[in-house]
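Subject: Structure for you to look at

Hello,

Please open the structure below and keep it in view while you read. My notes follow it.

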Amino acid sequence: MDVRIIVETTSGTGEKRTEELCSLSLTDQCHSELGLNLEQGKAILSQLQGSILRHQIEEISAASRTCPCCGRSRFVHDYRTRVLDTLFGRFRLKVPRRRKCSCRKGQSELLSPFAQVLRDRVTPELRMLQAELGARHSFREAARILETFLPCAKQQNTTVRNRLGKVAKDIANAQPPICDTLSANPPTVFIDGAHIRCRPEYQKRHLDVVVGKIETHDMCRRFGLAPQAAPSPAAQLRRDLDALGWDGQRPVTVISDGEAALPNLIRGATNGKIKHILDWWHISMRVQHVETAIKGLVQRKDFPATTAILMTPVETLRWNLWHGKIQVAGTHLQWMMFDCARLAKYRLAVRDQAQRALARCHDLHSYLASNMGSLVNYGERYRSGLPISTSRAEGCVDDIGNARMGKRRRMRWSPRGAHNVAVTRAAALDGRLTVSNTTIAA
Ligand SMILES: [Zn+2]
């Protein structure tokens, strides 16, 4: 079978043009295969794109001929060659520059009707796709995927990386969509940190990336940033909060583990209007360590005292912390530390286990003491359906941090590169990465 493809274009003025695009013969194809194959499809798309671009350039160029003020003709000054990278191929376009009309005095002499659209040398859609694939896969893999499915020009991993950087910058500069309804309750921020491998020239092994999620009752938004490289982490987080309809007044609930730097980021973004809650899971894990160590100690055959002196406080520890009885839990912990210390000192047989139990109790005690202001009645929050743990932020650690930049992958990162990927990946996972927010407004 022979196929001939003809393109007919009608310009805005009604002028029709027909052009034969290509003809292909499908006779010698194997009988098991019907229709076009990928290579033929790519070739047709590429030729079609070239033809459409040529016609568009001619149409826009013709439209720019007449001066909109006085109606006189503006003459072509010269032709320039410009390269445009599109999804369907890279094209060298000959575009005219026209002389400005004499009725417009005091302006620059030349008029380039294509200056704006050809400024970045790439179509917004291709750049967005490169950024999205670069945020989801390695830059080399992203380049390979693009080349496999599209008739685009040969892709370089560095180009994908640079275009992703540009998109990340555009996301950071974009104004958040105006949220017309202020959220009924102030948003909750789940925030956590991911550690990724750092490039050797930065003189350290790991790099911190802050990731998390902001939730209101009906919306959520992920975020990611590398505090070292972000131009202004506070401004970025503030934009995210504004996009979810935060009124700027009521305190934002922040749930994080005990690391002080994380809530401080949100504190900076909200001028201190936060209510920090220590993540229950991190407390629970430390309580579990205490329980295991104490049980191990009292279950020894040669345990020299009645088991109740340690078992009674340890059995109520979790209950007290869950119900916000911090003082009681603290006192019990101190008793246990006192008893364990005595055992470690005088009873040689159980010394090692007593020391281990003491270390665990001490660990929990200092963790609670340094986060005293962030402990709440977790039971009450839980029964009211309010979040008590950062489990959702930990999902983000995997989604934004580890899946693309985790330690298992061999890539090492610069703070800037990690920041760009974290920002773009958060937007890609939220579905916020659209052509509209990567286009520069004309
Ligand atoms: Zn004029």
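Helices (H or I, at least four residues) and strands (E, at least two) are DSSP runs, numbered from the N terminus. This is a predicted model, in which local features need pLDDT of at least 70 and side-chain atom pairs count only at pLDDT 80 or more, while totals for chains, interfaces and linings use all residues. Residues are numbered from 1 along each chain as its sequence is written, and side-chain values use heavy atoms, with hydrogens and water left out.

Domains

The domain assignment, which is automatic or comes from a database, gives domain 1 (2-111) and domain 2 (281-374). The C-alpha centres of domain 1 and domain 2 lie 77 Å apart.

The sheet

Three strands form an open sheet in the order S3-S4-S5, with antiparallel pairing. Strand S3 (76-86) and strand S5 (110-111) are at the edges with a single partner strand each, so one side of each has no neighbour in the sheet. Helix H1 (residues 38-63) packs on the sheet and touches S3 and S4, and its direction makes about 5° with that of S4. Such angles run from 0 to 180 degrees between N-to-C directions, and the axes are lines fitted to C-alpha atoms, for helices over the stretch in contact. Contact means heavy atoms within 4.5 Å. Two strands count as paired if DSSP finds at least two bridges between them; strand S4 (residues 89-99) and S5 pair in the antiparallel sense over two bridges. Arginine 98 stands opposite leucine 111 in S5.

Salt bridges

A salt bridge is a side-chain nitrogen of Lys or Arg within 4 Å of a carboxyl oxygen of Asp or Glu. The whole structure has 22 salt bridges. For exposure, buried means under 20% relative accessible area, exposed over 50%, and partly exposed in between (1.4 Å probe, protein chains only).

Aspartate 339 and arginine 342 meet in one of these bridges, at 3.9 Å from N to O. Both residues lie in helix H9 (residues 326-346), three residues apart, about one turn of the helix. Is aspartate 339 buried or exposed? Aspartate 339 counts as buried, because its relative accessibility is 13%. Arginine 342, at 46%, is partly exposed.

Lysine 154 and glutamate 147 form another bridge, 3.8 Å from N to O. Lysine 154 is exposed at 59%, and glutamate 147 is partly exposed at 27%. In the bridge between arginine 199 and glutamate 201, the closest N and O atoms are 2.5 Å apart. Asp120, Arg127, Lys166 and Asp170 are linked in a network of salt bridges.

Nonpolar cores

A nonpolar core is a set of buried Ala, Val, Leu, Ile, Met, Phe, Trp, Tyr and Cys residues joined through side-chain atoms within 4.5 Å. The largest has 39 residues, and Ile283, Ile294 and Tyr378 have the most contacts inside it. Strand S10 (274-278), helix H7 (280-298), helix H8 (308-322), H9 and helix H10 (351-370) are the elements that give two or more residues to this core. Apart from this core lies another, of 38 residues, including Val122 and Ile196. Neighbours within four places in sequence aside, isoleucine 294 is in contact with several residues, among them Leu310, Met336 and Cys361.

Asparagine 420 lies in helix H13 (residues 415-430). Asparagine 420 counts as buried because its relative accessibility is 12%. Leaving aside neighbours within four places in sequence, asparagine 420 contacts Leu164, Gly165 and Ala168.

Regards
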